[in-house]
Amino acid sequence: MSAAPGHWEARLPFYYGWTVVGACFVTHFVQVGIQLWALSVFVGPMTGELGWERSDIYGAVTVRTLIAAFGLPLVGRYLDRRNGAVVLSAFASTVGAVSLLLTAHVSEPAHFMLVYGVLGGVANVGQTTVIAAAIVPKWFVRRRGIAMAVGTTGGGAGALVLPLVAAALVGALGWRGAWSAFGISTAVLAVPLAVLLKRQPEDVGLEPDGARTAAGAPRAPVDGVSAGQAARMPVTWLLVSAVGLASLASVGLPANMVPLMADRGFSQTGGALALSVYGLMSVTGRYVWGYAVARLGVRGAFMALVTFATVVMLSLLLVRAGTAPLLVLAGASGLAIGGMIVLAPLVWPAYLGRAHLGAIHGFLYPINAISLAAGPVLLSEVFDRTGSYDWGIGALAAAYALALGVMALAGPPRRST
């Protein structure tokens with residue numbers, strides 16, 4: 001086997017795909033951890049000082065998610081180009097940093113909606129969650145589950161570490177100073193890593209999972225249906241429905257974790273601890289379910305996950321008090337949601353191939369994002385209207401149960417790449 005001339009990536013003593021995974025990990029930690037999971041710690045200080053309602057903050061989260069989702073079709077096909085991921089990641093991190101710096105100066109809900117919701121949504125068009133889903137499966141087939149687990153662990157690590165960091169920063173600098181510190185950190189850490197995000201192994205003389213192409217040997221074409229073909233396949237819409245239902249809790253529950261726990265007797269610091277426990281198990285869940293993919297396949301692992309998640313949500317609905325039980329359920333929630341972050345992107349290459357993942361994500365992600373965006377506003381609006389999260393948590397349990405039924409209808413995937 002020979003290294004491709006001119007491609008330093010192919011001459012490394014290790015497979016360059018793991019560099020792509022590592023860059024996704026760190027950037028995911030910064031973008032998702034700082035820009036979303038740490039937000040839960042800011043809810044109390046901001047609403048207390050500014051006199052806002054919780055829905056003023058979580059409404060901006062919903063707008064942010066929707067803008068990112070419906071902007072993605074404009075750039076999805078760009079991710080299938082050679083330097084598309086590099087440009088989008090650098091753009092996302094730069095604009096995201098500006099959004100956080102401006103958030104430090106808000107005084108009205110409209111200001112927060114504009115800089116955190118709208119500008120943050122523009123930044124999230126190129127978020128690492130989407131980029132990793134489009135390019136990591138192109139670098140791996142046999143080890144796709146574990147590679148995606150590592151690449152998306154950054155977000156879970158952010159939920160583990162950054163709520164406690166945010167609580168310390170808010171205590172030392174105030175919530176405005178904490179937002180400024182996070183904005184600077186985003187610019188310094190995430191922007192330089194964008195250059196490492198190569199599109200696919202074939203671009204640098206490699207093959208998925210680390211093989212090299214022999215000199216002069218023909219390379220097998222990258223397999224996969226186009227976005228247009230996917231749109232005409234009934235199984236695509238079953239998968240969209242299953243993933244959407246199973247994603248309803250993915251943003252809504254962790255974003256509301258601190259106030260949810262506060263309403264059940266936790267202090268602000270105790271709520272941050274619950275969110276950190278969630279983050280620890282979210283990290284663990286990526287590897288648990290990544291391993292399950294190797295054993296059960298994507299469909300089997302997905303069905304096992306949504307069954308487990310249904311039980312967890314019902315338990316969270318019934319358990320009203322007790323530090324230890326609630327911390328256990330926070331961790332179990334992380335195990336389920338962290339696994340979904342890994343499994344959802346693996347559904348598409350398993351059923352549709354890896355050749356056009358960028359275009360397929362651009363086409364399908366906005367539909368799934370409706371579910372992601374609905375989660376925060378569902379839980380916050382339920383609380384504002386009823387004074388309790390019970391109906392919202394019940395809705396999450398029902399969504400997971402429905403996802404199980406829909407995936408059963410989809411049948412097994414018929415592709416190996």
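1. Basis. The model is predicted: local features need pLDDT of at least 70, side-chain atom pairs count only at pLDDT 80 or more, and totals for chains, interfaces and linings use all residues. Residues are numbered from 1 along each chain as its sequence is written, and side-chain values use heavy atoms, with hydrogens and water left out.

2. Secondary structure. The protein has 15 helices and zero strands. Both are DSSP runs numbered from the N terminus: H or I over at least four residues for helices, E over at least two for strands.

3. Overall dimensions. The C-alpha trace spans about 70 × 45 × 35 Å along its principal axes.

4. Burial and surface. Of the 417 residues, 58% are buried. Here buried means under 20% relative accessible area, exposed means over 50%, and partly exposed lies in between (1.4 Å probe, protein chains only). The protein exposes about 15,000 Å², and 68% of that area comes from carbon and sulfur atoms. Accessible areas come from the Shrake-Rupley method with a 1.4 Å probe; for residues, only the protein chains shown count as cover.

5. Charges. There are 25 positive and 15 negative side chains, and the centres of the two sets lie 12 Å apart. Lys and Arg count as positive, Asp and Glu as negative; His and the chain ends are not counted. Each charge is placed at NZ of Lys, CZ of Arg, CG of Asp or CD of Glu.

6. Contacts along the chain. Contact means heavy atoms within 4.5 Å. Among contacts between residues at least 6 apart in sequence, 84% join residues at least 24 apart.

7. Nonpolar core. The largest nonpolar core holds 130 residues, and Phe42, Leu253 and Phe302 touch the most other members. Helix 13 (residues 323-352) gives the largest share of this core, 19 residues. A nonpolar core is a set of buried Ala, Val, Leu, Ile, Met, Phe, Trp, Tyr and Cys residues joined through side-chain atoms within 4.5 Å. Leaving aside neighbours within four places in sequence, the contacts of Phe302 include Ala242, Met340, Val347 and Met407.

8. Asp209. This residue sits in the loop between helix 7 (144-190) and helix 8 (227-231). Most residues other than glycine have a negative phi. Asp209 is not a glycine, yet its phi is positive, about 70 degrees. Its relative accessibility is 13%, so Asp209 counts as buried.

9. Ala69. Ala69 belongs to helix 3 (residues 54-75) and is buried, at 0% relative accessibility. Beyond four places in sequence, Ala69 is in contact with Tyr365, Pro366 and Ala369. Its C-alpha lies 8.3 Å from that of Gly362, 293 residues apart in sequence.

10. Val382 is in helix 14 (residues 357-386) and is buried, with a relative accessible area of 14%. Among its contacts beyond four places in sequence are Tyr389, Trp391 and Gly392; the C-alpha atoms of Val382 and Gly392, 10 residues apart along the chain, are separated by 6.1 Å. Val26, in helix 1 (residues 17-37), is partly exposed at 31% relative accessibility. The C-alpha atoms of Val26 and Arg264 are 33 Å apart, with the two residues 238 apart along the chain.
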